[in-house]
Amino acid sequence: MATDAQRAAIWRDARVVDVRHHGDIAVILRLEVPDRVVHRPGQHYVLRLRAEDGYTASRSYSTVSAPSDDLVELYVEKVPDGEVSGFVSEVVEPGDELECRGPIGRWFAWDGRTPALGIGGGSGVAPLVSMLRHAQETGHPELLSLAVSAWTDEHLPYREELEAAGALIARSRQKGGSRLDAAVIGAIADPGATAFVCGSARFTLAMESYLQAAGQPDASIRVERFGPTGGTEDDG
Amino acid sequence: MAITRGFTGRRRQAERDPRLPPGQYDVGSSWPVLTAEPTARIDAERWTLTIDGLVANPSSWSLKELKALGTDVYRGDIHCVTTWSKLDTSFTGISLDTLLDLAQPLPEATFVVEESTTRYRTNLPLSDVTGGKAWIVWEHEGKPLTREHGGPVRMIVPHLYFWKSAKWISKVTLLDHDEPGFWELNGYHHRGDPWTEQRFDGD
């Protein structure tokens, strides 16, 4: 009897059901994954593109959908000159088949039963939206607090959904905008909650230090980083 | 497995850099940061490395003492399970072989666990860290290793995926059995050979 983790590692041919564009910034894919292993909010999938000569390219993307969703929703940020994200945004359309495997990762994953604090920057918001949808569907929105940051409203993924849920939103490069600074993070730090911090290396480093300064224990801080050191995708 | 409609890829299979394991891409001069926990702050003056467990001579070294044992350079490639590889890069430190010679592994030692000051752990067969395969390093490309990349001192085991190379290393423990570490308990493969794509549990 294969465990869920072993079943999750199997490559499957998913069918693309929906393709939506978030401006020029990202593509939102909705996939029908056969014999799907249900994820926990925060886990990710790997997409693999395969050329006729056997050449492949694969990348990891956070799951945005709630576990109860029939489809798997992935937020694919368009990376400049990105081989996979570029192809997904320019070529992929409903009806296509894409190889995928998942869900992956048991660390940056919320159990949905204990208090959680989600802090995300830019596309790092994506796994937090899965947490939000899950909290709402299970009738426990009080378990989850969210603070997110993006350059402007246009850069913030799932802005309407986050606004409607009352998430704390910072726009770091918008006129009259604000940042997730030490005071803001200090006010929402909660030693009784697990903090899930997701974003670029620079963003997560800053958020971690604000949380630590506010007394959030190291053992309760879980981090998902992406991008090179000192990335400028978002800056708190 | 289905061919992806319309996908030809940036490079043809035949033109792929032979140093890139399957499913990996070249990040060029950048170096992504991946860590699951808060970045550690470590005072290099107080930091020590310990080798214990099934050894005849359990030992600890300060950074100064390690540097006094000699200097080795690893030049080559590193591979992260998240699909990036960094080619032809260099690290300066000391071969783990030198330290194990001093600690003297007992005959029954077959596995090691690396442990960081953050309590991060990762497990390996002893044979994967002996014979010129693992180093304790404090410089990257001639500069002190930065905090987010595991400074002041990390371990590197470059022939395996890089989660096997513990940042902020503080202890290497020799065991007579395999003891899964942090990612190994969280869905990742026990060994992590990039050339056979041992990424996740079940690969």
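Predicted model: local features only at pLDDT ≥ 70, side-chain atom pairs only at ≥ 80, totals over all residues.
**Pro41 of chain A**

I began with the contacts of Pro41(A), and, leaving aside neighbours within four places in sequence, I found Pro41(A) in contact with Pro67(A), Ala109(A), Trp110(A), Gly112(A), Pro127(A), Ser130(A), Met131(A) and His134(A); two residues are in contact if their C-beta atoms, placed from the backbone, lie within 7 Å. Residues are numbered from 1 along each chain as its sequence is written, and chains are lettered from A and ligands numbered from 1 in the order in which they are written.

I then asked where Pro41(A) lies, and placed it in the loop between β2 (26-32) and β3 of chain A; helices (H or I, at least four residues) and strands (E, at least two) are DSSP runs, numbered from the N terminus. Is Pro41(A) buried or exposed? I count Pro41(A) as buried because it has 29 C-beta neighbours inside 10 Å; the cut-offs are 20 or more other C-beta atoms within 10 Å for buried, 12 or fewer for exposed, and partly exposed in between, with C-beta atoms placed from the backbone. I also looked up Arg106(A), which is 65 residues from Pro41(A) along the chain, and the C-alpha atoms of the two are separated by 9.9 Å.

I traced an open sheet of 6 strands in chain A, with the order β4-β3-β6-β1-β2-β5 and antiparallel pairing; two strands pair if DSSP finds at least two bridges between them. The edge strands are β4 and β5 of chain A, each of which pairs on one side only. Neighbouring strands of this sheet are turned by 40° against each other on average, direction ignored; the axes are lines fitted to C-alpha atoms, for helices over the stretch in contact, and angles run from 0 to 180 degrees between N-to-C directions. Inside the sheet I checked β3(A) and β6(A), which pair in the antiparallel sense over 4 bridges, and I found Val46(A) opposite Arg101(A) in β6(A).

Turning to α2(A), I listed its buried residues as Val84(A), Phe87(A), Val88(A) and Ser89(A), and these pack against β2, β3, β4 and β5 (72-77) of chain A.

From the record, I noted that the UniProt annotation "domain: FAD-binding FR-type" (unreviewed entry) covers residues 9-110 of chain A; UniProt positions are in the numbering used here, feature names are shortened, and annotations may be inferred rather than shown by experiment.

**Where chain A meets chain B**

I next looked up the contact between the chains, where 41 residues of chain A are in contact with 33 residues of chain B. On the side of chain A that touches chain B, at least two residues each come from elements including α1 (4-8), β3 (44-50), α2 (83-90) and α6 (201-213) of chain A. The residues of that side divide into 18 nonpolar, 9 polar and 14 charged; Ala, Val, Leu, Ile, Met, Phe, Trp, Tyr, Cys and Pro count as nonpolar, Asp, Glu, Lys and Arg as charged, and the others, Gly among them, as polar.

**Chain B**

For chain B I recorded 3 helices and 11 strands, in the pattern β-β-β-α-β-β-α-β-β-β-β-β-β-α along the sequence. Buried residues make up 40% of its 203 residues. Of the contacts in chain B with a separation of 6 or more, 66% are between residues 24 or more positions apart. The UniProt record lists residues 38-183 of chain B for "domain: Oxidoreductase molybdopterin-binding" (unreviewed entry).

I followed one open sheet of 5 strands in chain B, with the order β3-β2-β11-β6-β7 and mixed pairing, whose edge strands are β3 (59-62) and β7 (121-125) of chain B. Strands β2 (residues 48-53) and β11 (residues 169-175) of chain B pair in the parallel sense over 4 bridges, and the bridge partner of Ile51(B) in β11(B) is Val172(B). By contrast, β2(B) and β3(B) pair in the antiparallel sense over 4 bridges and form a hairpin with 5 residues between them; in β3(B), the bridge partner of Thr50(B) is Ser60(B).
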